[in-house]
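Q: I would like a close look at one part of this protein. Please walk me through it step by step.

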Amino acid sequence: ELEVLLTEVGSKFLPLPEERLLSVVHTLLHRCYKYPIPTNSEVPLPLKSELGGICRVCFSSGTISKHPDFVNEYMADFERDLNPEKETFPDTLHKLTEKLKTWRATFLNNVEDRLPTTLLL
């Protein structure tokens with residue numbers, strides 16, 4: 001019975017895609033703050049390549065098939081704002097930081113709105 005209970009608890013507390021991306025955006029925002037360069041400087045190359053990888057992973061074909069609502073809601077806007085391969089990618093660290101703050105607020109609000117007030121086991 002304990003195994004069944006643990007399996008049930010584990011399945012009830014799986015993170016939503018929004019929660020996982022919120023965690024990633026939060027981490028990226030902290031990395032932006034830690035870069036020892038002026039905020040009006042160009043976005044550092046390691047951060048650009050990391051953002052490119054995040055866009056590829058978060059909106060991969062596997063994610064599209066498993067979470068179509070998530071992809072439909074966020075993919076176009078997220079890639080427009082944070083994909084370094086797009087022309088709309090922020091050109092300075094400050095602008096990138098502002099975009100990440102906006103996305104953090106968006107995901108945080110959406111995650112909080114979707115969380116049930118109680119969970120039945």
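How many helices and strands does the protein have? And what can be said about helix 5 in particular: its span, its kink, its buried residues and what covers them?

A: This is a predicted model. Start with the whole. The protein has 6 helices and 0 strands. Read along the sequence, the pattern is α-α-α-α-α-α. The C-alpha trace spans about 55 × 30 × 25 Å along its principal axes. Of the 121 residues, 32% are buried.

Now helix 5. This helix covers residues 68-82, which makes 15 residues. At 1.5 Å a residue, helix 5 should span 21 Å. Its end C-alpha atoms lie 20 Å apart, so the two values agree. Helix 5 also has a kink of about 45°, centred on Tyr74.

Next, burial. Tyr74 is itself buried. An α-helix has 3.6 residues a turn, so residues three or four places apart point the same way.

What covers these buried residues? The cover includes helix 2 (17-34) and helix 3 (45-58). Helix 4 (61-66) and helix 6 (93-114) are also part of the cover.

Step back to the whole protein again. Take the contacts between residues at least 6 apart in sequence: 70% of them join residues at least 24 apart. The accessible surface comes to about 8,000 Å², and 57% of that belongs to carbon and sulfur atoms. Last, the charges. There are 14 positive and 18 negative ones, and their mean positions are 6 Å apart.

Methods:
Residues are numbered from 1 along each chain as its sequence is written. This is a predicted model: local features need pLDDT of at least 70, side-chain atom pairs count only at pLDDT 80 or more; totals for chains, interfaces and linings use all residues. Side-chain values use heavy atoms; hydrogens and water are left out. Helices (H or I, at least four residues) and strands (E, at least two) are DSSP runs, numbered from the N terminus. The expected span of a helix is 1.5 Å times one less than its number of residues. The bend at a residue is the angle between axes fitted to the seven residues ending there and the seven starting there. Buried means under 20% relative accessible area, exposed over 50%, partly exposed in between (1.4 Å probe, protein chains only). Contact means heavy atoms within 4.5 Å. Accessible areas come from the Shrake-Rupley method with a 1.4 Å probe; for residues, only the protein chains shown count as cover. Lys and Arg count as positive and Asp and Glu as negative; His and the chain ends are not counted. The place of a charge is taken as NZ of Lys, CZ of Arg, CG of Asp or CD of Glu.
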